[in-house]
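Here is a friendly briefing to read alongside the coordinates, arranged by topic. Keep the viewer open and follow along.

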Amino acid sequence: MDLSTLLQRAQNLTNEAKAESELPAVERTLQQVLQATTELHSRVTQTGGKEIQAHILLGSKGVDLPKLNQKLESLSARKTFEPLDVKADTDVRTFLKNERENAILSVIEDTNKNISDAVSKQKWASMNKAWIEEKTRLLDALIAPSQNFIDLQRLPEPTILNPHFQPRSCLDSLEMAYAQELRQYNELLLKGSLRPNLVQKFAQLSQSFGDSRLTDMWTMLACVTQISEPLHSDPIKSRQQRPEFVDHAKSYLERRYRVFMCSQVGGSYANNSYQLVLAFVSQRFSAQQTIGLVDTVGERPLWPLVYYGLRCGSVETAVEFLRETGSSHEEFAQLLSDRSAGETNSRIENQLRLQYANKIRNSTDAYKKAVYCILLGCDVNEVHGEVAKTIDDFLWNRLSMLQPGDAANYGKLQSLILEKYGEKYFNAEKQPYLYFETLALTGQFESAIEFLARRDDNRVHAVHMAIALHELGLLGGARSVTQPLLSIDIMDPAPLRRLNLSRLVRQYVQRFERTDTTEALHYYYTLRCLRDTKGRNMFMACVCDVVVDSGVFDTSIFDLIFGKRQACDQEETSGLFRQFDCPEFDTRTMAALVADELASLGNFEISARLYEMAGQYDLALKHICILLAQVVQLPTLGGSLRDRLGTEAQRFSNLLDSDNIEVEPKMKSSFILLQDLLIFFNFYHEGKFNAALDQLRKTRLMPNTSNDVDACLANVKRLSGEVIKVLPEVFVAAMDIAQRQYRQLKSGMGGSLEQSQMQELRQRAKALSNMAATMPYRLPYDTNRRLIQLELVMH
């Protein structure tokens, strides 16, 4: 066959394939077919049969293995897990981004390293401390010098403590003196006596402490707070507008400077201000020191005499020196006279202000400039450093420049002291009394007290200063008792703060409220006008916390605190709280408050007693019923809860029988049923089955025959939840009594009487089973099992 014939047949086969099949035609030349065959043969011979099988398997599933291999080879983890090489040519944004990321990573790495180092140091420090303590304990167990161990077999003998022994007080002598003074003050208030000035009482007490700086602080506080009328509005806002605070601060500084002047020239001039100022100026100013001073009187510089006359509080002395010069300073003398008399002469003031602006401002006499500024209020920001050598001088100058009711400049002075200068300028860490007095003299009592309270040795004084100012109505209290100790209110004039008295007192009292409870109550009594977030009186809230947090839940302790009810509702003994009966505090309300807290903690026994003291008999009876439902079925043990509840239930039953208290009828019936069941179980555990059955019949809860089931079920449906909880145990006890009586009769097996009684017991057991099966609620599985077992014994 020639090639042309072969080619024709091949074309025919191709045409037939196109007609019969929809498969795409493969257009390859013979050369391409040969080349593909050669590649396939070489690949098969190199890879082996396994790859061919893989191709066949994946190809049957529609997977193209060559393409899959190409995709896998294109994947690379280099960019993800290996660091990139630094590229030299990059833009600014990318460079900054890389630098930012590197900085963040370096901070994270450094932080992790620092944390690890800190944890390691703390671990080794803790281990070292523990080892030192253990080593000390071991060394203490050795007897020197023999180094023999203590004989551990020789145990210490038990020590019997005096039951009337009182715990040791946590208050030192100074704290106890403060507490006794506060107690006397509270007792006067509770008796309805006139309210004494507590600041003055504490100031008098401080004189016995033997600390002159402490006495000065209290004396200063007593002087500054001597206001003519109490503040009826908010103390913070009223303080800025009442001139008494500025006047009293000036008066205190003047009196203190007068004492200083007397100490410099001798005490013989104490009663003669003119001679005192004259001697002081003569001693202080020599011929060289008067250079630059203008105007003299009697060969002495005039304006230092006038200044120190004003500085020691003697305006008359300053006027006298001015008038000794003649008529040249008559206007100034008249201005001083009018000021001391409480009058204002606007004409003279305007003339002198004009004179100051034209001449005095540039004068070389610093004392003359200071006197003009003090009286006329010129250049209020001038420090007058040549005249004011101390903080007291500076404060006196600035306070003297203030006009009555000038709240704006008063606030600027306060801001200057508190915010601009602050603790660092005054070196408050080493001079706390100086900084405290500076704040107090500028009317910033709250900030001064908070600063003083930071130091352990001064906290006791800060607490009593805050209490004393609060009693006078001069302390700016926090809006809420939950706020920090010192807070800023945006509605208050700057820079005044508010002090959280409740937080300050509680922090101080918590240290001794368990050892010195009476003193702690008197401190908490000072919080009687404050309210907590629940609207409760803070005195009552604090006392409630003391009682609840003490953890001493003994009936005798609560009788000691609240008083004991001897018979019916007659209170024969008064408790510790009775002394605080006042409009803000009532023992009955306090008892109810503590009862609520104890009930929320699950202490129903004490809460029931307190509810009774509070006159809330329904709640008292409710909690007694809850407790009885838990223990009524238990055997009686001496000192157990069931034993105590039995006594309490009998006492309450006597109260109910006396008709002196009223309770809800349903609650009363539940209590009576539980008490009857308590007596039933007492007879049951004592083996007095006949008495137990008689007691059970009184309750009408358990049937004797099948005819009684419906009536008993009707009674059960009217029961409260507390009584229903006890019914399963009542069923079992009643069935157990029947079973035991049945056994006793069966062991006797005498005549027809025993047979009749056994038949009655079987009927009672059947009635109990029928009632248990038809109860309106399902009894526990264990109860049903025991009932069936006991009934089977009787058949």
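About 60 Å³ of space lies in the second largest cavity, and a search of the whole structure finds 2 cavities of 30 Å³ or more. Please keep in mind that this is a predicted model. The points below begin with that cavity, then turn to the pocket, the core, a helix, the cysteines and some backbone details.

**The second largest cavity**

- The residues lining the second largest cavity are Leu 693, Leu 696, Arg 697, Met 702, Pro 703, Asn 704, Ala 734, Arg 764 and Leu 768.
- By class, this lining has 6 nonpolar, 1 polar and 2 charged residues.
- Helix H32 (689-699) and helix H35 (752-773) each contribute at least two residues to the lining of the second largest cavity, and H32 has the largest share, with 3 residues.

**The largest pocket**

- The largest pocket holds about 720 Å³ of space.
- Of its 32 lining residues, Asp 247, Lys 250, Arg 339, Ser 400 and Leu 402 are the closest to the centre of the pocket.
- Two or more lining residues come from each of helix H10 (235-241), helix H11 (244-265), helix H14 (315-324), helix H15 (330-340), helix H17 (366-376) and helix H18 (391-401).
- H11 gives the most to the lining of the largest pocket, namely 4 residues.
- The lining of the largest pocket divides into 12 nonpolar, 10 polar and 10 charged residues.

**Nonpolar cores**

- The largest nonpolar core has 210 residues, and Tyr 523, Met 590 and Met 702 touch the most other members.
- Met 702, which also lines the second largest cavity, is in contact with Leu 696, Cys 712, Leu 727, Val 730, Phe 731, Ala 734, Leu 768 and Met 771, leaving aside neighbours within four places in sequence.
- Another core, of 5 residues, lies apart from the largest one, and its members include Ala 738, Leu 745, Met 758 and Leu 761.

- Helix H20 (residues 432-441) is largely enclosed by the rest of the structure, because 9 of its 10 residues are buried.
- The buried residues of H20 are Pro 432, Tyr 433, Tyr 435, Phe 436, Glu 437, Thr 438, Leu 439, Ala 440 and Leu 441.
- Among the elements that cover these buried residues of H20 are H9, H11, H18, helix H19 (407-426), helix H21 (445-453) and helix H22 (459-472).
- Val 224 lies in helix H9 (residues 212-224), and Val 224 counts as buried because its relative accessibility is 1%, where the cut-off is under 20%.
- Leaving aside neighbours within four places in sequence, Val 224 is in contact with Phe 245, His 248, Ala 249, Ala 440, Leu 441 and Phe 445.
- Val 224 and Ala 440 are 216 residues apart along the chain, with their C-alpha atoms separated by 8.1 Å.
- After H20 comes Gly 443, whose phi is positive, near 80°.

**Cysteines**

- A search of the whole structure finds 0 disulfides.
- Cys 262 is buried, with a relative accessible area of 14%.
- Cys 373 is in no disulfide either, and the nearest cysteine sulfur, that of Cys 378, is 5.6 Å away.
- At 0% relative accessibility, Cys 373 counts as buried.

**Backbone details**

- Most residues other than glycine have a negative phi, and most peptide bonds are trans.
- Asp 379, in the loop between H17 and H18, has a positive phi near 45° and is partly exposed, with a relative accessible area of 27%.
- Asn 427, in the loop between H19 and H20, has a positive phi near 50° and counts as partly exposed at 34% relative accessibility.
- The peptide bond from Ala 494 to Pro 495 is cis, with omega near 5°, and Pro 495 is found in the loop between strand S5 (486-487) and strand S6 (498-499).

**Arg 300**

- Arg 300 is found in strand S4 (residues 300-301) and counts as partly exposed at 30% relative accessibility.
- Not counting residues up to four places away in sequence, Arg 300 touches Leu 278, Ser 282, Asp 295 and Leu 305.
- The C-alpha atoms of Arg 300 and Phe 285 are separated by 8.5 Å, and the two residues are 15 residues apart along the chain.

Key: Residues numbered from 1 in each chain as written. Predicted model: local features only at pLDDT ≥ 70, side-chain atom pairs only at ≥ 80, totals over all residues. Heavy atoms only, no water. 1 Å grid on protein atoms, 1.4 Å probe; cavity = no way out; pocket = protein on both sides within 12 Å on 5 of 7 lines; lining within 4 Å. Points joined across faces, edges and corners; volume = space filled by probe spheres on them. Nonpolar A, V, L, I, M, F, W, Y, C, P; charged D, E, K, R; others polar. Core = buried A, V, L, I, M, F, W, Y, C linked by side-chain atoms within 4.5 Å. Buried < 20%, exposed > 50% of the residue type's maximum accessible area, 1.4 Å probe, protein only. Contact = heavy atoms within 4.5 Å. Disulfide = S-S within 2.5 Å.
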